[in-house]
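Open the model in your viewer and keep the selection panel at hand. Each stop below says what to select and what is there.

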Amino acid sequence: MDPRVELAAVVKKLALETGFARVGIAPAGPTPHAELFDEWLRRGWHGEMSYLARDAETRRRPDRLVPGARSVLCLVAPYAPVGEDAPANPSVAFLARYARGRDYHKVLKKRCHVLMDRIREVSPDFEGRAFVDSVPLSERSLAAAAGVGWIGRNGCLIVPGLGSYVLLAEIICNLDLPPDAPLPDGCGPCRQCVFACPTGAIADGPLVDARRCLSCLTIEHRGEIAPELRAALGRRVFGCDACQEACPHNRGVPPGEAELTGERRVTLAEILAWREGDWDAFTRGAALRRAKLDQWLRNAALAAGNSGDTSLIGPLRRLLAGGAGPADAVAWALARLGAGG
Ligand code: B12
Ligand code: SF4
Ligand code: SF4
């Protein structure tokens, strides 16, 4: 057998043994689909995430991050919820599924390091670096190039048999491994995600206008949320899964890893009463920490306005009286609950 093929099989076996659900190999040369990223920036769809416009040259060449790199190991970790969510209770804050468990950055980075140690045992000259959600990489593009899934119309990487509730990690390394073949598109004529997106952020996919994406607005955006997008927020306080909930490829998939799936749950009333220490305790060790207390309070106030639950008028007023709350969002919510003025 070709020794490269043999080594690739060993590395993949180690990746699965280490706990990753899928693994594929992409070349470490020029990033595929770089022109789509440029088009996204040209349209201004990155909005305030100006950091994404930096490091353009590094993004085009993963081998710049690791001199002498030949291959990218693209790794997949599922976080699909166990069974269906409980019926939507408008007083419970919606938290995106990817963030309910332990912080995937830490979990997956650590696992990558274990994997690298094991690869080094079979290939002593191995050198590599692990990346999880690292800005100067197009992780979905690399994973699609490595044949672990295809890019859905909602922009997400969809893995056959696992769906899109998966998180991605990469090891860029010096091993010269044969790349895997990309998969064909699996969306076909379906447009469920386009119809399900509450703000029309997907247009006709697969590029997403982050300025309208509720994930971006709740997690990345600071300051006020534009009045015309507030009702679309529903009870979302951290992230959005609407375009994944609608996807037929997410039905009947096996539950994700327990560590990533998580059980964090909080009501809108509880968040509205939060102080810095409460935010700290709830978000510790979770990707939920990406949004700061002012964003949580703003989002919870708007979600309270959308809930139709008049028992939240009291907590909203107390937040306003405290002086440090998001005055504009609270005023909007009170008016929506018929308690304005
Ligand atoms: C910025 C960012 C965001 C932004 C912008 C998202 C977007 N769609 O562009 C915001 C804050 C909105 C966001 C939201 C979410 N994110 Co995010 N995000 C990122 C980040 C840091 C960069 C993504 C980026 O560069 N976007 C710009 C666009 C143009 O690039 P792209 O989406 O990667 O698309 C590339 C390829 O898909 C390809 N491509 C696009 N269309 C097509 C079509 C075809 C046919 C082909 C062949 C290729 C192709 O070209 C593009 C350019 O290279 C990545 C981590 C990383 N470094 O890659 C995580 C990442 C994409 N996010 C992730 C997650 C989990 C989410 C959310 C599900 C979280 C949530 N529940 O709220 C949502 C999903 C929203 C959505 N529908 O995309 C995961 C995605 C896992 C997956 N299965 O796809 C990533 C990979 C993090 C990780 N390590 O796991 N995110
Ligand atoms: S995450 Fe929500 S707002 Fe963003 S594209 Fe998907 S459905 Fe639309
Ligand atoms: S909902 Fe349909 S179009 Fe959208 S990503 Fe899933 S399969 Fe593709």
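What distance separates the centres of domain 1 and domain 2, taken over C-alpha atoms? The answer is 26 Å.

Some ground rules come before the tour. This is a predicted model: local features need pLDDT of at least 70 and side-chain atom pairs count only at pLDDT 80 or more, while totals for chains, interfaces and linings use all residues. Residues are numbered from 1 along each chain as its sequence is written, and chains are lettered from A and ligands numbered from 1 in the order in which they are written.

**Whole protein**

Show the C-alpha trace. Along its principal axes it spans about 75 × 40 × 35 Å. Switch to cartoon: the protein has 15 helices and 8 strands. Both are DSSP runs numbered from the N terminus, with helices (H or I) of at least four residues and strands (E) of at least two.

**The two domains**

Colour 3-89 + 100-173 as domain 1 and 192-336 as domain 2. These bounds come from an automatic or database domain assignment. Now select the contact between them: 33 residues come from domain 1 and 32 residues from domain 2. Two residues are in contact if their C-beta atoms, placed from the backbone, lie within 7 Å. On the domain 1 side, H2, S2 and H4 each supply at least two residues. That side divides into 18 nonpolar, 9 polar and 6 charged residues. Here Ala, Val, Leu, Ile, Met, Phe, Trp, Tyr, Cys and Pro count as nonpolar, Asp, Glu, Lys and Arg as charged, and the others, Gly among them, as polar.

**The sheet**

Select the open sheet of 4 strands, in the order S1-S2-S7-S4, with antiparallel pairing. Strands pair if DSSP finds at least two bridges between them. Its edges are S1 (22-27) and S4 (128-131), each pairing on one side only. The twist averages 20 degrees from one strand to the next. Zoom in on S1 and S2 (residues 71-78): 6 bridges join these antiparallel strands. Ile-25 stands opposite Leu-73 in S2.

H1 (residues 3-18) lies across S1 and S2, running at about 140 degrees to S1. H4 (residues 104-122) packs on the sheet and touches S2, S4 and S7 (166-173). The direction of H4 makes about 40 degrees with that of S7. Axes are lines fitted to C-alpha atoms, for helices over the stretch in contact, and angles run from 0 to 180 degrees between N-to-C directions.

**Ligand 1**

Centre on ligand 1. It is surrounded by 40 residues, the closest being His-33, Ala-96, Ser-138, Ser-215 and Gly-239. A residue is near a molecule if its C-beta atom, placed from the backbone, lies within 6 Å of it. H2 (34-42), H5 (139-145), S7 and H7 (214-219) each supply at least two residues of this shell. The largest share, 4 residues, comes from H5. By class, the shell has 26 nonpolar, 9 polar and 5 charged residues. Each domain gives at least three residues.

**Ligand 2**

Move to ligand 2. Of the 13 residues around it, Cys-197, Cys-213, Cys-240, Ala-242 and Cys-243 come nearest. H7 and H9 (242-245) each supply at least two residues. The shell has 10 nonpolar, 3 polar and no charged residues.

**Ligand 3**

Select the shell: among its members are Arg-153, Cys-187, Cys-190, Cys-193, Cys-247 and His-249. The classes are 6 nonpolar, 4 polar and 2 charged.
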